[in-house]
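Thank you all for coming. I would like to walk you slowly through one structure today, so please keep the picture in view while I talk.

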Amino acid sequence: MTQDELKTLVGQAAVQYVPAGAIVGVGTGSTVNKFIDALAAIKDRIRGAVSSSVASTERLKALGIPVLEACEVESLPVYIDGADEVDPRGNMIKGGGAALTREKIVADLAERFICIADESKLVEVMGRFPLPVEVIPMAAVQVARRLKAQYGGEATLRAGCVTDNGCHILDVRGLKITDPAAMEADISQWPGVVTVGIFARNKASVCLLGTSEGVRTLTF
Ligand SMILES: O=C[C@H](O)[C@H](O)[C@H](O)COP(=O)(O)O
């Protein structure tokens, strides 16, 4: 099976986690696009979606799925999103598509995070995928220096990238994220950091992994 077919498989499998009548949290990326397409088939059975990016909002609306603002809901039963890496405990790296901040906001509203990914995303220790950090532009150099000093990470500014929030992304290479919760808590409170792409506090409850043998379900 191709990677695209594996994404379709898990995108479709995620629909079973959407309760009838729900407002569903929707992530961003190529895997979530498959989920949005599958969600369109059951749109009459849900109330709508809260989206984590302009791109997902446009796709949801084009398929006739009502989109609500995050501020209009108090909680969501479920948030469905992809990941760039996921570890055996359900911690994730996200932000390869620069949507990490809104993703973390919507994930935080949800009771359960259902991660959908092809099996290449499962790793023992996270850090091979460059860690995205969204920063206020004026703080980029300062935050990059600190990432090097404290964690030995080499941060580069993602060229030509301005996030939905008008900010920039640093991609940090050379990390071994052995304690994701501690690193997330630490970097999150540095001046100028908007969001770090470690999802440990908002980790996955379930991960649906696309494999050539079918969908493998990991529960955390
Ligand atoms: O900012 C983007 C998101 O965190 C995506 O969910 C992540 O990059 C995975 O995307 P894809 O499903 O395209 O691999």
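This is a predicted model: local features need pLDDT of at least 70, side-chain atom pairs count only at pLDDT 80 or more; totals for chains, interfaces and linings use all residues.

**The protein as a whole**

Of the 220 residues in this protein, 49% are buried, where buried stands for 20 or more other C-beta atoms within 10 Å of the residue's own, exposed for 12 or fewer, and partly exposed for what is in between, with C-beta atoms placed from the backbone. Residues are numbered from 1 along each chain as its sequence is written.

The protein has 6 helices and 14 strands, and these are DSSP runs numbered from the N terminus, with at least four residues of H or I for a helix and at least two of E for a strand. Its radius of gyration is 17 Å, close to the 17 Å that the globule rule gives for 220 residues, so the protein is as compact as a globular protein of that length; the radius is taken over C-alpha atoms, and the rule is 2.2 Å times the number of residues to the power 0.38.

Now to one sheet. Strands of a sheet pair through backbone hydrogen bonds, either parallel or antiparallel. Here, 4 strands form an open sheet in the order β9-β10-β8-β11, with antiparallel pairing, and two strands count as paired if DSSP finds at least two bridges between them. At the edges are β9 (154-157) and β11 (193-196), each of which pairs on one side only. Inside the sheet, strand β8 (residues 131-135) is joined to strand β10 (residues 168-173) by 5 bridges, and P132 has D171 in β10 as its bridge partner.

Helix α6 (residues 180-188) packs on this sheet, touching β8 and β11, and its direction makes about 165° with that of β11. Helix α4 (residues 100-109) lies across β8 and β11 as well, running at about 70° to β11. Such angles run from 0 to 180 degrees between N-to-C directions, with axes fitted to C-alpha atoms, for helices over the stretch in contact, and contact is defined as C-beta atoms, placed from the backbone, within 7 Å.

Finally, is I177 buried or exposed? I177, which lies in the loop between β10 and α6, is buried, because 24 other C-beta atoms lie within 10 Å. Not counting residues up to four places away in sequence, I177 touches V125, M126, G127, M183 and I198.

Key:
Two residues are in contact if their C-beta atoms, placed from the backbone, lie within 7 Å.
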